[in-house]
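This briefing gathers selected computed features of one protein structure, grouped by topic. The sequence and the model are shown first.

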Amino acid sequence: MARDYVHGYTAPEAARLVDQASTLTELLHFDTAYPAGSLVLEAGCGVGAQTVTLAARSPQTTFVSVDISPASLILAKARAREADLRNVTFQAGDIFSLPFSETQFDHAFVCFVLEHLVTPEKALAEVRRVLKPGGTLTVIEGDHGSAYFHPDSEFARRAVQCLVDLQREAGGDALIGRRLYPLLVQAGVREVRVSPRMVYVDASRPTLVDGFIRKTFTAMVEGVSEQAIRQGLIDAESWRQGIRDLYRTAEADGTFCYTFFKAIGVK
């Protein structure tokens, strides 16, 4: 991982991850499905926000979901029980040293993990190691540099940049979405295809206004308030104005755009 997980392991962050997953299900997963009988590794499952979608959409597939955080695994297991999922198991595991033999899995899935790693190419190589020849690797990441909105605001853009800077200082990369193709190729993955998934939000899409602008993106930026101000990246009043302006884009005349990237390749 990066030196520090910039978003933290708090209850509000866990709730934000779940809100994000439910809001973006169709955008990110309309084409996510695995053949019956497959064994699929989810590397870096976190609180299970994506796990529930994966397991529900491929009920005849077996998933093994691993994460380095014991606290996150407890929450992930609880979510799976609540959803009555019988096709997923959880265990502790480091994405840089997975506790599996070579060529063990038919497919692998990694979502919102690489952005937090100092050496994402090494993590991808390790995931590739446990894949069978011909198995697929799916990776999904965002790119904070793709965010733009109306009304535009210098303060809002500075607040977003604070998150980018904090993640870089921690060893991660909040702009990693644009790097997926070269990263997968560098890790030895073949036939890599990347598809941009843009979220566009205006008042005609009230579910996205609340689920994405307020509860996903702005909540994510707002979550690093103390760090941004404490480290002198921005003064307190400018930060507060930036957060207000991000929420302002959720009003009736506001709009918001952001792009995720989904990459699929073959071992």
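Val-185 is partly exposed, its relative accessible area being 40%. The model under discussion is predicted.

**Nonpolar surface patch**

- Val-185 belongs to helix α7, which covers residues 180-186.
- Together with Tyr-181 and Val-194, Val-185 forms a nonpolar patch on the surface.
- The accessible area of Tyr-181, Val-185 and Val-194 together is about 250 Å².
- Val-185 is classed as partly exposed because its value of 40% falls between the cut-offs of 20% for buried and 50% for exposed.

**Strand β1 and its partners**

- Strand β1 comprises residues 39-43, and four of these five residues are buried, so the strand is largely enclosed by the rest of the structure.
- On one pairing, β1 and strand β2 (residues 62-67) run in the parallel sense, with five bridges between them.
- Within this pairing, Ala-43 is placed opposite Val-66 of β2.
- The two strands also take part in a right-handed β-α-β unit, in which the helix is α3 (residues 51-57).

**Loop between β3 and β4**

- Leu-98 is located in the loop that lies between β3 (88-92) and β4.
- Leu-98 counts as buried, because its relative accessibility of 5% is under the 20% cut-off.
- Along the chain, Leu-98 and Arg-79 are 19 residues apart, and their C-alpha atoms are separated by 23 Å.

**Helix α10 and Glu-237**

- Glu-237 is part of helix α10, which spans residues 236-248.
- With a relative accessible area of 39%, Glu-237 is partly exposed.
- A polar contact at 2.9 Å links the side chain of Glu-237 to the side chain of Arg-244.
- Glu-237 and Ser-146 are 91 residues apart in sequence, and the distance between them in space is 25 Å, C-alpha to C-alpha.

Key
Residues numbered from 1 in each chain as written. Predicted model: local features only at pLDDT ≥ 70, side-chain atom pairs only at ≥ 80, totals over all residues. Heavy atoms only, no water. Patch = residues over 30% accessible without salt bridge, like charges linked within 9 Å, V, L, I, M, F, W, Y side chains within 5 Å. Areas by Shrake-Rupley, 256 points an atom, 1.4 Å probe, with all protein chains shown as cover. Salt bridge = Lys/Arg side-chain N within 4 Å of Asp/Glu carboxyl O. Helix = DSSP H or I, 4+ residues; strand = E, 2+ residues; numbered from the N terminus. Buried < 20%, exposed > 50% of the residue type's maximum accessible area, 1.4 Å probe, protein only. Polar contact = N/O pair within 3.5 Å; in protein donor to acceptor, adjacent residues only side chain to side chain. Pairing = 2+ DSSP bridges. Right-handed = clockwise from strand over helix to strand, strands pointing away.
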